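Keep the picture in view as you read.

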Amino acid sequence: MTWVGPSARSTVAMMAALLVSTVGDEVATVALSLRAADRTGLPAVVSAQMIAGLLPGIVLGGLIGRTVDRYRTAHVLAVTLALEAVTAFGAAGFADGPARLIAAVLLLGSLGAVAQSCVLALVPRLFPGAGAQLRANAVMESTRNAGYLAGPALVGLLTGYGGTGLALAADGATFGFALLAVPVIARRSTHGARPDADGTAPDGPTAPAARGLRAGLAALWNGGQRRATLGVIVVTVAATSALNVVMPFFAHRIPGGVTAYGALLTTWSIGLVLGPVLVRGRTAAPPPQVFAVAAATVIGLAYLLAGAVLWLPLMLAAFLCGGMANALQNVMLRTYVMADCPPARRGQIGAAYGATLQTAVACGFAAAAVLPADWSRWGIVTGGGIAALAGVAGTVRVSLLARSAPAGT
């Protein structure tokens, strides 16, 4: 079969589905947190919801990877989106007490982890070649981050007009809309993609050589470059996740108070949307793994400067650069991890990748719990410094490995 590039129709369908479903994810997260706060009055329930949203990607990583690899990826995605819609509509009507609220987040978190692994596995099929995948991941990152930016504003409007029930019903509708794009994606991944190097049919069911999350993690972390790259990313993600917990306590120490704090968060979000635009026209050097660890340096410096120099214009500039580097890191890392991934193990490695990042986030949340509130400023300086130093050391190490070792090691 002669291969031709992904059609504009399939690309637009995938990006539209990603945008709408990401907005839905944010709507669900905020709406369920608001409902838990309003109907239980217990911070412990909100905290349990946050943990429940992280756990599935870690605990169920092996099962998710096997499912995505064993069955047609587009079919798994379709079933997942349908179940997410049903769960969101059910939560709108029945999630009232603590147990049901936590269960709703747990179900949506589990299904979201499956959907993320499906997308990671589909990109190499729809966009063969590292260059095409890099550009696709860049567009996806901007699209996803635009959804994160729009979601909280939308949930505020919906909740103010019709309560959290309306917001959750709208979340269900977003998954239903995303489901409409799956047939277009499925046709493209089945008929328009190049057969994989091992001879398997595009998006066909496969049987992984090894089973379980441990096997996926072993493949993900295999090779010196991968271990060095992912090690830096884990440190950076853990450090910045801890800082996300500390930041609200830092708000009252910023010139301008809570208003300035909101401006900082918005500026970071804008950077997340704008950063991937820099990928357009990028040449092959430096390699994506080097770019990913170098971005960790910028992310760390952004927090370090914001904590050390309490001058709002500088803090805003640092957060804009930090957000752009954060998005670029995501793009480069996903491209590096998945570009040369064995076709029969894409779901497994994608699930292991998600579990690795979720574990780093959970470790950061746990580490932040021991920090006193009045130490928030120096916690930000310290965390930013750790991320920056890890980025510098990692950039040197990964650059040397990239020059001396074959790609994919």
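We'll start with the whole chain, then visit its cores, and end at a cavity.

A bit of housekeeping before we set off. This is a predicted model, so local features need pLDDT of at least 70, side-chain atom pairs count only at pLDDT 80 or more, and totals for chains, interfaces and linings use all residues. Residues are numbered from 1 along each chain as its sequence is written, and side-chain values use heavy atoms, with hydrogens and water left out.

What kinds of elements does the chain have? There are 14 helices and zero strands; here helices (H or I, at least four residues) and strands (E, at least two) are DSSP runs, numbered from the N terminus. Of the 409 residues, 51% are buried, meaning under 20% relative accessible area with a 1.4 Å probe, counting protein chains only.

Next, look inside. A nonpolar core is a set of buried Ala, Val, Leu, Ile, Met, Phe, Trp, Tyr and Cys residues joined through side-chain atoms within 4.5 Å. The largest one has 32 residues, and M14, L77 and M140 touch the most other members. Helices α1 (8–40), α3 (61–70), α4 (73–94), α5, α6 and α7 (182–192) each supply at least two residues of this core, with α5 giving the most, nine residues. Leaving aside residues up to four places away in sequence, M140 touches M14, M15, L18, V119 and V123. A second, separate core has 24 residues, including V246, Y261, Y303 and I380.

Rolling a probe the size of a water molecule over the atoms shows where empty space is left. A cavity is a set of points on a 1 Å grid over the protein atoms alone where a 1.4 Å probe fits but cannot get out, and lining residues have an atom within 4 Å of a point. Two cavities reach 30 Å³ or more. L120, V123, P124, Q133, N137, R334 and M338 line the second largest cavity. The largest share of that lining, three residues, comes from α5.

Note on methods. On a 1 Å grid over the protein atoms alone, a cavity is a set of points where a 1.4 Å probe fits but cannot get out, and a pocket is an open set with protein on both sides within 12 Å along at least five of seven lines; lining residues have an atom within 4 Å of a point. Grid points are joined across faces, edges and corners, and a volume is the space filled by probe spheres set on the points. Buried means under 20% relative accessible area, exposed over 50%, partly exposed in between (1.4 Å probe, protein chains only). Contact means heavy atoms within 4.5 Å.
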